[in-house]
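Work through the exercises below with the sequence and the model at hand. Try each task before reading its solution.

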Amino acid sequence: MRFAVGLRRFVPFLGYHHFLMILIAIAIILLSLLLAGCSSSSPLIPGIFLISLYYRSYPPTFDPAQVDPGVTTAIANIVGQAQLEVRVGYFGICINPDGGAFLCSNNASSLATQVSVDQDPLNLIWVASTFKDSIVFPYLIIVAIILAFICFILLATFPGWHEETDEEGSERDVKPFPSRPVSQVALALIFIASVFVLVSVLWQHTASVAASTIAQDLGNGSVKSGVGTSAMILGWFGFTLLIIVTIGLLVMILSIRTLAQLTDE
């Protein structure tokens, strides 16, 4: 009961910008988790990955465009009983050699020393490392997080509710308008951050799907691949939150401008 009463007293003093700050904070957390995927063996972190490659025997796909369909048999003989799985993140690679716990590192060479030739006969660890080093580009998301954090700080400078004494001596709650230049800078920063995240997530999605498809076709009948659902959700949800903040700031600036014009008239 006391908590409910205290909450009712606190909520009216929450400004419009506080809700935008909450959305920015959530977006920063989601994008940070996306970047942290496969960077350590901590619980849930190996589950955040861009693509996964793993040995799995399944009926191969035959197509008239295949010059040598019989190569699938040779690949199956080379793979043997291997069951290693490799997952790729922005800053790390995780491997699961035998169905147990994942081993994660940002150094593929050190991971390669942890497995035998029979466990990774087609060098999936090297393929994953090539994908991470040559295709994955995390720096747009890093810049977007920095810009979003600066916008968060600017929003924190917006004036909130406070009590003032009017000419009659009575107290009332007032809230001044935020600075227009600060609002415009915050809008520009969060808009740029949204564009960077959009480009990065599109790049991530397209590259992951393409690499996953090609890897599975090359290992036809012996290698499976997949795109990380968690990473896609984190990326797109983070982008959606930043877009909502961008629209919210734009609406706030336009509303303040309209009110100012009506007041001047």
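**Exercises on rings, cysteines and backbone**

Tryptophan 236 and phenylalanine 239 are three residues apart in helix α8 (residues 229-264), so about one helical turn separates them. Helices (H or I, at least four residues) and strands (E, at least two) are DSSP runs, numbered from the N terminus. Residues are numbered from 1 along each chain as its sequence is written, and side-chain values use heavy atoms, with hydrogens and water left out. The model is predicted: local features need pLDDT of at least 70, side-chain atom pairs count only at pLDDT 80 or more, and totals for chains, interfaces and linings use all residues.

**Exercise 1.** Find how many aromatic pairs the whole structure holds, and describe the pair of phenylalanine 137 and tryptophan 203.

Step 1. Apply the rule: rings of Phe, Tyr and Trp (its six-membered ring) pair if their centres lie within 6.5 Å; planes under 30 degrees apart count as stacked, over 60 as edge-to-face and the rest as tilted.

Step 2. The search gives three aromatic pairs. Phenylalanine 137 and tryptophan 203 are stacked, with 5.6 Å centre to centre and 10° between the planes. This pair links distant parts of the chain, 66 residues apart: phenylalanine 137 is in the loop between α5 and α6, and tryptophan 203 is in helix α7.

Step 3. Check accessibility, where buried means under 20% relative accessible area, exposed over 50%, and partly exposed in between (1.4 Å probe, protein chains only). Phenylalanine 137 is partly exposed at 37%, and tryptophan 203 is partly exposed at 40%.

Step 4. Tryptophan 236 and phenylalanine 239 make an edge-to-face pair, 6.1 Å centre to centre with 80° between the planes. Tryptophan 236 is partly exposed, at 29% relative accessible area, whereas phenylalanine 239 counts as buried at 15%.

Step 5. Ring pairs also join Phe137, Tyr139 and Trp203 into a cluster.

**Exercise 2.** Which helix gives the largest share of the nonpolar patch?

Step 1. Like charges are joined within 9 Å, and nonpolar side chains (Val, Leu, Ile, Met, Phe, Trp, Tyr) within 5 Å.

Step 2. The surface patch includes Phe91, Phe137, Tyr139 and Trp203, and its residues together have about 780 Å² of accessible area (Shrake-Rupley method, 1.4 Å probe, only the protein chains shown counting as cover for residues).

Step 3. Helix α7 (residues 180-218) gives the largest share, five residues.

**Exercise 3.** Which cysteines form a disulfide?

Step 1. A disulfide is a pair of cysteine sulfur atoms within 2.5 Å. The count by this rule is one.

Step 2. Cysteine 94 and cysteine 104 form the disulfide, with sulfur atoms 1.9 Å apart. Cysteine 94 lies in strand β3 (residues 93-96) and cysteine 104 in strand β4 (residues 103-105), so the bond ties together parts ten residues apart in sequence. Both cysteine 94 and cysteine 104 are buried.

Step 3. The torsion about their S-S bond is about 105°, so the disulfide is right-handed.

Step 4. The sulfur of cysteine 38 is 3.9 Å from the closest cysteine sulfur, in cysteine 94, which is too far for a bond.

**Exercise 4.** Where is cysteine 38 placed?

Step 1. Cysteine 38 is in the loop between α2 (16-36) and β1 (51-55).

Step 2. Cysteine 38 has a positive phi of about 65° although it is not a glycine. Most residues other than glycine have a negative phi.

Key: Patches are made of residues with over 30% relative accessible area and no salt bridge: like charges are joined within 9 Å, nonpolar side chains (Val, Leu, Ile, Met, Phe, Trp, Tyr) within 5 Å. A salt bridge is a side-chain nitrogen of Lys or Arg within 4 Å of a carboxyl oxygen of Asp or Glu.
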